[in-house]
Amino acid sequence: MKPYEDYLIISDLDGTIIPRGGRVSEANKKAAADFTAGGGHFGIATGRTPEAAAGYLEGVTITAPSVFFNGSMLYDWQKKQVILTKPLTAIRDEDGHPDPTIWPLFAQRCLELFPEACLEVYTEDNCNIISDPKNDDPRLPHEYYKYRHCALSEVANLMRTPWLKFFACDTPENLRRLEQLAEDMGTAALSHHFYSEANYHEFVAQGVSKGSMLSEIRRLPAFRGLKIIALGDYLNDQELLEEADIGIAAGNAHEKLKEAADFVGCAAEDDLLVWLLEHFEDITGK
């Protein structure tokens, strides 16, 4: 029996196994390879697109379905195929017919009320930036994925182009106002919305999270019965850690996430995957 064959590790990227502004270290790459060579499965759970994540994961051994768009997509890394998506939902009228205009209307109000925000609509194949290019998130030139600037009208038909995520980058003060707008317009009730950084606020479908997609992985025949260890560092990782059998917060994690975790490991800069394997017996009780 191989030492890790009953386990799956699923990890957030930024701030967890990638230091802020860095890359996956050679030590973490080796730890992932050693874990999978020992019979374990390794996957990731991130707010990024598969294309964006790929630029950071060269040389990383990934053997499990992985979570993208903070829970809106489950993706087969080996086959490069989408397994499942959970788009933003629409309200229904008195006759039960969907009204997919609510999200474009909300986005339009955000454009009007928050003229300095970077507003992005994520679809399965693209990041569509509907705000003024001068507001672009500074991270964009350093990312590995394609994006385009376009008018909201180009992506306003949700029946033809489902939205997997709506993203706003602005000051914390403005994002609190944006949250109130979502409450007033009803999009808050239709979504799971959260901060992925202090200046990032994201909307995915109601009930969707990294943790909800972890439940979908458990249902796949090849992964049934495995014990899942989840790693994270920020508030959007809380459901992931709670759904896992063992939740581990990085040493640099948000204090609320540390409280929700079963264990607190080392900081991302000190190679969290290496730390996990060094403490594997103590953590798992093996």
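Helix H1 (26-37) lies across strands S1 and S2, and runs at about 135° to S2. Axes here are lines fitted to C-alpha atoms, for helices over the stretch in contact, and angles run from 0 to 180 degrees between N-to-C directions. Helices (H or I, at least four residues) and strands (E, at least two) are DSSP runs, numbered from the N terminus. Keep in mind that this is a predicted model, where local features need pLDDT of at least 70 and side-chain atom pairs count only at pLDDT 80 or more, while totals for chains, interfaces and linings use all residues. Residues are numbered from 1 along each chain as its sequence is written, and side-chain values use heavy atoms, with hydrogens and water left out.

**The parallel sheet**

S1 and S2 belong to an open sheet of 5 strands, ordered S2-S1-S14-S15-S16 with parallel pairing. Its edge strands are S2 and S16 (263-264), each of which pairs on one side only. Two strands count as paired if DSSP finds at least two bridges between them. At the S16 end, S15 (residues 246-249) and S16 pair in the parallel sense over 2 bridges, and Ala249 has Val264 in S16 as its bridge partner. As background, strands of a sheet pair through backbone hydrogen bonds, either parallel or antiparallel.

**The antiparallel sheet**

The antiparallel version turns up too: 3 strands make an open sheet in the order S3-S4-S5. Here the edges are S3 (66-68) and S5 (81-85), each pairing on one side only. From one strand to the next, the twist averages 35°. H5 packs on this sheet, touching S3, S4 and S5, and its direction makes about 45° with that of S4; contact means heavy atoms within 4.5 Å. S3 and S4 (residues 73-76) run antiparallel and are joined by 3 bridges, with Phe68 standing opposite Met73 in S4.

**Salt bridges**

Now for the charged side chains. Side chains of opposite charge can pair when their charged atoms come close. A salt bridge is a side-chain nitrogen of Lys or Arg within 4 Å of a carboxyl oxygen of Asp or Glu, and a search of the whole structure finds 16 salt bridges. Among them are these:

| Pair | N to O distance |
|---|---|
| Asp14 and Arg48 | 2.8 Å |
| Arg109 and Glu112 | 2.7 Å |
| Arg219 and Glu216 | 3.2 Å |

Why is the Asp14 and Arg48 pair worth a look? Asp14 lies in the loop between S1 (7-11) and H1, and Arg48 in the loop between S2 (41-44) and H2 (50-54), so the pair ties together parts that are 34 residues apart in sequence. For accessibility, buried means under 20% relative accessible area, exposed over 50%, and partly exposed in between (1.4 Å probe, protein chains only). On that scale Arg48 is buried at 11%, and Asp14 is partly exposed at 22%.

The Arg109 and Glu112 pair sits within helix H3 (residues 102-113), its members 3 residues apart and separated by about one helical turn. Arg109 is partly exposed at 34%, and Glu112 is partly exposed at 43%. Arg219 and Glu216 are likewise 3 residues apart, about one turn, in H5 (residues 210-219). Arg219 itself is exposed, with a relative accessible area of 51%. There is also a network of salt bridges that links Asp12, Lys210 and Asp237.

**The whole protein**

Zooming out, the protein's secondary structure comes to 9 helices and 16 strands. Its radius of gyration is 19 Å, close to the 19 Å that the globule rule gives for 286 residues, so the protein is as compact as a globular protein of that length. That radius is taken over C-alpha atoms, and the globule rule is 2.2 Å times the number of residues to the power 0.38. The C-alpha trace spans about 55 × 40 × 35 Å along its principal axes.

How much of the protein is buried? Of the 286 residues, 55% count as buried. As for contacts with a separation of 6 or more, residues 24 or more positions apart account for 57% of them.
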